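Reader: Please take one part of this model and look at it closely. I want the surroundings of a ligand first, then the wider setting.

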Amino acid sequence: MEKIRLGRTNLMVSRSGFGGIPIQRLSSAEAEKVVRKAYDSGFTYYDTARLYTDSEEKIGRALHDVRDKIIIATKTTATTKDGVLADIRQSLKNLQTDHVDILQLHNANPIPDPNDPESNYAGQIEAQRLGLTRFISITCHNYDNAVKAVKSELWDTLQFPFSPISTERELAVAQLCKEHDVGAIGMKGLAGGLINHAEPAFAFLRQIGNLLTLWGIDHEWQVDEFAVLENKQPKLDDQLMSMIEKWRKDLAGDFCRGCGYCLPCPANIPIPMAARMPHHLRESPDSRLINEEWKAKMDLIDDCINCGHCMEHCPYELNTPELLKKALVLYRERYIKVKGKY
Ligand code: SF4
Ligand code: SF4
């Protein structure tokens, strides 16, 4: 598998990294199988987080015996020095190791004041001093925060969404990382599940020379798919580019990335799926969504109490209730077309 130098960390890692969100959905045995297969296929970079329920534990169980052959990055959402130290100690226990390679602040917003001795940044520095992490890093979903973080040169890597439907200015963040020798790590290469074909995304992102891309994986066949793409790398030809152009057209404007930071919703609306319903209606067979189960879930949108929680927590500054309302209108139209009545 192709390797890449991860900015000033000087770590040499596989350019395809293993994203640890989706294995939460699997049983322990299934997850360990998928993670181990990734290792056997050449993945050397594993990204997880305290927030991802049992993802750390599953990776720890699958890879503790090859710890010195892999790079582990985890994240903390703590906002204080003590919180970061408590989190990293728990992460190390879960991952069955005495240190991680990269400790990231998870979607830090705003980015911390480096002069505050009790901040989460101070916690990262202390964790590094204690040998609990080799490098310190930050993940951002917000463009302005990402630029600020890279320019500050306080962190060794930046994790930021990079996908074929990113805007030009978002893609330029990778170049900014290069100029500051900050390792560039791409999340949401498939736009949070909105892109359902890996080859064009892989070819597009591989053009960004300094980018490591995390792929969220929860099936062995996906490991095989990325291993094949790595071994026989596709060129971004006209055919692949036209697929990307179609996605850009379909997903133009504000769209939900499915990250789930807006949850929980007091009205129990499954926001990540419901807000992306227009896209899913285009891409999925009717039988998957036009049914009683999804009708009941979409109807919850009528119960929105406009509490504002989703908008306050959306890193993409989306007007989530508006997106949901539009999604509900489209859903009902399709439902009536398929079933004859609502
Ligand atoms: S504003 Fe509506 S959709 Fe958003 S969290 Fe509140 S109840 Fe849920
Ligand atoms: S509305 Fe925003 S926070 Fe919620 S899932 Fe979509 S992108 Fe993420």
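Which elements each supply at least two residues of the shell around ligand 1?

Author: α14 and α15 (320-339) do. Helices here are DSSP runs (H or I, at least four residues; strands are E, at least two), numbered from the N terminus. A word on the basis. The model is predicted, and local features need pLDDT of at least 70, side-chain atom pairs count only at pLDDT 80 or more, while totals for chains, interfaces and linings use all residues. Residues are numbered from 1 along each chain as its sequence is written, with chains lettered from A and ligands numbered from 1 in the order in which they are written.

Now the shell itself. Ligand 1 is surrounded by 14 residues. A residue is near a molecule if its C-beta atom, placed from the backbone, lies within 6 Å of it. The closest are Cys265, Cys304, Cys307, His309 and Cys310. α15 gives the most, with 3 residues. By class there are 10 nonpolar, 4 polar and no charged residues. Ala, Val, Leu, Ile, Met, Phe, Trp, Tyr, Cys and Pro count as nonpolar; Asp, Glu, Lys and Arg as charged; the others, Gly among them, as polar.

Turn to ligand 2. The shell here has 16 residues. Cys256, Cys259, Cys262, Pro272 and Cys314 come nearest. Two elements give two or more residues: α10 (271-275) and α14 (309-313). The largest share is from α10, at 3 residues. The classes are 11 nonpolar, 4 polar and 1 charged.

Step back to the domains. The protein is divided into domain 1 (3-246) and domain 2 (271-337). These bounds come from an automatic or database domain assignment. The domain centres, taken over C-alpha atoms, are 29 Å apart. Two residues are in contact if their C-beta atoms, placed from the backbone, lie within 7 Å.

Last, a helix pair. α1 (residues 28-40) and α2 (residues 55-63) pack at about 60 degrees, with axes 9 Å apart. Axes are lines fitted to C-alpha atoms over the stretch in contact, and angles run from 0 to 180 degrees between N-to-C directions. The two helices are therefore oblique to each other. Under 35 degrees counts as roughly parallel, over 145 as roughly antiparallel, 65 to 115 as roughly perpendicular and the rest as oblique. α1 contributes Ser28, Ala31, Glu32, Val35, Arg36 and Tyr39 to the contact, and α2 contributes Lys58, Ile59, Arg61, Ala62 and Leu63. Those residues divide into 6 nonpolar, 1 polar and 4 charged.
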